[in-house]
Amino acid sequence: MNIKLNGADHTLSDDASVTTLVTHITGRTLDTKGQAADGRKIGVAVARNSEVVPRSQWAATALAEGDELEIVTAVQGG
Amino acid sequence: MTAASTQTASTQTDALVIDGVEFGSRLIMGTGGAPSLDGLGAALLASGTELTTVAMRRYTPTETGSLFQLLVDHGIRVLPNTAGCFTAKDAVMTAELAREALETDWVKLEVIADEHTLLPDAVELVDATEKLVDRGFKVFAYTNDDPVLALRLENLGATAVMPLGAPIGTGLGILNPHNIELIVSRASVPVVLDAGIGTASDAALAMELGCDAVLLATAVTRAQNPVQMGEAFKHAVIAGRLAKQAGRIPRREHALASSAMEGRAEFL
């Protein structure tokens, strides 16, 4: 399927969930609660079609064709 | 909450308490403007800060090193901000993302009016404070140096109010010390002087005016020697706090001799 990720086109397998996407982008393995398997904080948040998806829901949230995803993290500022 | 720092006995017993969390340092740092993550880390350590702001932006896989991890590694608590938001709606969304990403309900609320002045938009700020407090956020409201607005934000449930000394990044210092003093005198939540600080004496003045803490970024990150400037601010905040507590002498119109006139030797 085709989605938008942070404003750019992106292709994913049809059964992809938010967990699939976050793992793909960050290269980190996630547990079912959305925490990184290596025990270090992953420090990202996901919005799907302008709604925040809590990390506890990442695994259960299937993506759909045309979804608009934003993945954000902490950067220097303020 | 101890980022490497040495403290005197007088400051150890004088913790800054925000939302039940104690901080030994009254210097809150921002992270904007630093050319490298390594340099930033060294400056933050030199400043002794225990609380530091970050912005939320799109994740880019090519990033080298994570700012969040750097702060976690140094035991510095993270305070996400809503920098770049012009509306309450954007600020609320950014705060929600920050809460998810960084697992904190603390947020430095910044709702600016335009890119030219970067001044807070009072109407959107009030609206956003109300919405975020409703959603369980601990709001650190970045505000104009307006005593009326500051009190209103507190009454809406802000955890701390953060009046500006001068517009962001200007380094002009505290343009209206009288207003800052007035805000402090009426506040029952912590008052943090935020923005406009240029050099160490500005931070000392903020503390002498009675502020509970000082927040700055550019003055350190864009200084010629950020590590040395970070250390300068560490001492300035401590000095200003001590001076405030010690009680300054009143200002006088005329000189007052500190040496007695009696008992002077006489010369022919």
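A polar contact is a pair of N or O atoms within 3.5 Å, where one must be able to donate a hydrogen and the other to accept it. With that idea in hand, the meeting of the two chains can be explored. The model described here is a predicted one. Across the interface of chain A and chain B, 13 residue pairs are in polar contact, both partners having pLDDT of 80 or more. Looking at the side of chain A that touches chain B, the elements giving two or more residues are helix 1 (18-26), strand 3 (44-48), strand 4 (51-53) and strand 5 (68-75) of chain A. Of these, strand 5 of chain A provides the largest share, with 6 residues.

In terms of contacts, 27 residues of chain A meet 29 residues of chain B.

Charged partners also face each other, with 4 salt bridges found across the interface of chain A and chain B. In one salt bridge, B:Arg58 pairs with A:Glu70, and their closest N and O atoms lie 2.7 Å apart. Strand pairing links the chains as well: strand 5 of chain A and strand 4 (residues 51-58) of chain B run antiparallel and are joined by 4 bridges. Within this pairing, A:Thr73 stands opposite B:Arg57, a residue in strand 4 of chain B.

Attention now turns to a sheet in chain B. It is an open sheet of 3 strands in the order 6-7-8, with parallel pairing. Strand 6 (106-109) and strand 8 (160-163) of chain B form the edges, each pairing on one side only. From one strand to the next, the twist averages 15°. Between strand 6 and strand 7 (residues 138-143) of chain B, the parallel pairing extends over 4 bridges. There, B:Lys108 stands opposite B:Phe140 in strand 7 of chain B. Helix 5 (residues 122-134) of chain B packs on this sheet and touches strands 6 and 7 of chain B. The direction of helix 5 makes about 170° with that of strand 7 of chain B.

Methods
Residues numbered from 1 in each chain as written. Chains lettered and ligands numbered in written order. Predicted model: local features only at pLDDT ≥ 70, side-chain atom pairs only at ≥ 80, totals over all residues. Heavy atoms only, no water. Contact = heavy atoms within 4.5 Å. Salt bridge = Lys/Arg side-chain N within 4 Å of Asp/Glu carboxyl O. Polar contact = N/O pair within 3.5 Å; in protein donor to acceptor, adjacent residues only side chain to side chain. Pairing = 2+ DSSP bridges. Axes fitted to C-alpha atoms, helices over the stretch in contact; angles between N-to-C directions.
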